[in-house]
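Thanks for sending this one over.

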Amino acid sequence: MGLRDPTPEGRFGDFGGRYIPETLVPACEELEEAFREAWADQGFRQRLDGLLADYAGRPSPMTECENLSTELGCRLLLKREDLNHTGSHKINNVLGQALLAQRMGKTRLVAETGAGQHGVATATAAALLGMECCVYMGEVDIVRQELNVFRMKLLGAEVKTAMSGSRTLKDAINEAMRDWVATVEGSHYCLGSVMGPHPYPWMVRRFHEILGSEAREQSEAILGVAPDVVTACVGGGSNAIGIFSGFVDADTELVGVEPAGGAAVGRGIPGVVHGSQSYLMQDEFGQVLEAESISAGLDYPGVGPEHSHLAATGRARYESVTDAEVVEAFQLLSRTEGIIPALEPAHALAWVSRDRASLEGRSVVLNLSGRGDKDVAQMMDILNGEILDGEECS
Amino acid sequence: MAGAVEIALRGRCDAGGKALVPYVTGGLGDDWTDTVRAVADAGADAVEIGIPFSDPVMDGPTIQAANDRALASGATPMSILDQVDGLDAGVPLVVMTYYNIAFRAGLERFAAALVDAGVSGCILPDLPLEETGPWVAAADEAGIETILLAAPTASDERLSRVCARSRGFVYGVGLLGVTGVRAELATGASVIATRLKQLTDLPVLVGVGVGTPGQAVEASAAGDGVVVGSAVVQGMLDGAGPTGVGDLVAQFRAAMDAA
Ligand SMILES: Cc1ncc(COP(=O)(O)O)c(C=O)c1O
């Protein structure tokens, strides 16, 4: 048994729901119905599985980190979503939604993106399926993820700058929703995480469950049993819910890791924004706060509703790490294992590294949700002087 | 039992006129309460007061800019309601904000705060019919009229359920899109008004995309009147002041009366 379906109203316990303008309600109802039909249709599932295997490269491997395990004192396994086509777990969801949109007769995909990984994945799927694609990205993120902006354009997508508010992921979502309110008849909103109005949190989770079931099988093959701990970074929470889904019924501790500057679960105040009720960083009057994180993909003040439910029921727990700890972890994995991680999953590693004492002798599966190519320019600026000025050859 | 908003709008319609409800961003500038009074004096039948929210997904650039400016100057829901209290505009007042503002305050507490400030109605554009339950329970109990939005994408079956749950009036969304002034009135404006008039006895007002006196005349032909938001707020942003914004609303009133 994996994670449960939400109620017909899209609730996971108290969380979730469908808080959107009336204009979008019929579109969400239509999407829910289309998804239920498609998910039950063998033809659709085969087409999706085929693309996941032959186009995206699934299953992604699981790597046991011998060097780092020795250094940390636990047994660390990585689920290698960084090796997927387009460089992160995001492709699992996007291929599902793009096929679904096409089946619904939609010709245009609208998406938001933070780090650009979801935008790149959406632009990729649009190119593959011959659809139009428009990606909203905050001005701040456009600067720090320049390479992904270029990638999206190369793939034929239009990239629109979100200039409002904090000019990061939250504002890109606002702009994408405004676009969708105006274009709902021909466009599908390809949301990039397990958030938004019902059915998105549930549908996006289902599209990512494949990584969880693979990870369960792979880790048991290596360990002989389910791991003691499964951990993943949490922005909206799609890579985390994907891997958690494979282990909820096991005697495994589930640990989500938020950035300290975007710890929605950590602060524990429920709110409503972007279509669902969930934990939300906000002030005493209900104004949403701006998150602050080194990682564009986790720079979000909210979290998917199912995570709030898992936290409230105690099935998962949520830790937070600082930017400085993340910078350390980013280098640690690069140096010890020859794997440059994206800054997002470096959060999960930062927690493992910090809490190594409590993890001593235990097995840990960490979802390495993406590769670090997109982050090397940013890290070069941050680390300049520490690494680059190294010794000269004699 | 009809509330103050419904009574005021019916009064206008029964006298053969069309209802005009302008929207003013709360907390925008030091003289925004004077603007509310000026707008009422210029012939508004009710005034919508926007409580700014950080993430207004139903709003276009004009109201977003107004929100940002009001928030940056320190406006809060409670400071705005404090100023509304004793404003004495002479017409019913309706608050428009997003659900999280009410949710965070606590629904009963927020409804009570509206009543205490002398507000009669409330519009929450990100609260669709299925999610209204807890809020309308609190609002009904407090005597606040909850005005629901009716969208062009909805079936007649859904529209009639929206109408049945709406109080004060039914807010027909005039186009597919967010708030903002457009060069021309969308054809959707008369279509939604016509559809709604067949489904409800409540006053039917069309809003979103009604930005000029001419558009207001056109949009109220099939229904009972209009909500005018971005055009009024743009005047506030441009520094027209209470007098200038009042003059603008008077032009809407005159055009609608002459039609
Ligand atoms: C590699 C990677 N991991 C994680 C995330 C965060 O998203 P989520 O929390 O939905 O997995 C992103 C988002 O851009 C990402 O690029």
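1. **Conventions.** This is a predicted model, in which local features need pLDDT of at least 70, side-chain atom pairs count only at pLDDT 80 or more, and totals for chains, interfaces and linings use all residues. Residues are numbered from 1 along each chain as its sequence is written, while chains are lettered from A and ligands numbered from 1 in the order in which they are written.

2. **Two domains in chain A.** Chain A splits into domain 1 (11-52 + 90-200) and domain 2 (58-88 + 209-383), with bounds that come from an automatic or database domain assignment. Taken over C-alpha atoms, the centres of domain 1 and domain 2 of chain A are 22 Å apart. Their contact involves 38 residues from domain 1 of chain A and 40 residues from domain 2 of chain A; two residues are in contact if their C-beta atoms, placed from the backbone, lie within 7 Å.

3. **The domain 1 side of that contact.** Several elements of chain A each supply at least two residues here, among them β2 (15-19), α4 (90-103) and α8 (169-183). Helices (H or I, at least four residues) and strands (E, at least two) are DSSP runs, numbered from the N terminus. The most comes from β2(A), with 5 residues. By class, this side of domain 1 of chain A has 15 nonpolar, 16 polar and 7 charged residues. For the classes, Ala, Val, Leu, Ile, Met, Phe, Trp, Tyr, Cys and Pro count as nonpolar, Asp, Glu, Lys and Arg as charged, and the others, Gly among them, as polar.

4. **Chain B against chain A.** This contact takes 28 residues from chain A and 30 residues from chain B. On the chain B side, α3 (61-72), α5 (99-105) and β6 (149-150) each supply at least two residues. The most comes from α5(B), with 6 residues. The class count for this side of chain B is 19 nonpolar, 6 polar and 5 charged residues.

5. **The sheet in chain B.** In chain B, 9 strands form an open sheet with parallel pairing, in the order β5-β4-β3-β2-β1-β9-β8-β7-β6; two strands pair if DSSP finds at least two bridges between them. β5 (145-146) and β6 of chain B stand at the edges with a single partner strand each, so one side of each is left without a neighbour in the sheet. Within it, 3 bridges join β3 (residues 93-96) to β4 (residues 121-123) of chain B, and Val94(B) stands opposite Gly121(B).

6. **A hairpin in chain A.** Strands β11 (residues 270-273) and β12 (residues 275-279) of chain A run antiparallel and are joined by 4 bridges. Val272(A) has Gln277(A) as its bridge partner. The hairpin has 1 residue between its strands, and His274(A) in the turn has a positive phi of about 55 degrees.

7. **Cis peptide bonds.** Please look at two prolines in chain A. The bond from Arg58(A) to Pro59(A) is cis, with omega near -5 degrees, and Pro59(A) sits in the loop between α2 (42-54) and β3 (62-64) of chain A. A cis bond also joins His198(A) and Pro199(A), where omega is about 15 degrees; Pro199(A) is in the loop between β8 (187-189) and α9 (200-223) of chain A.

8. Arg167(A) has a positive phi of about 55 degrees although it is not a glycine, and lies in the loop between β7 (158-162) and α8 of chain A. Asp88(B) also has a positive phi of about 55 degrees, in the loop between α4 (77-84) and β3 of chain B. Are these residues buried or exposed? Arg167(A) counts as partly exposed because it has 19 C-beta neighbours inside 10 Å, while Asp88(B), with 11, counts as exposed. The cut-offs are 20 or more other C-beta atoms within 10 Å for buried, 12 or fewer for exposed, and partly exposed in between, with C-beta atoms placed from the backbone.
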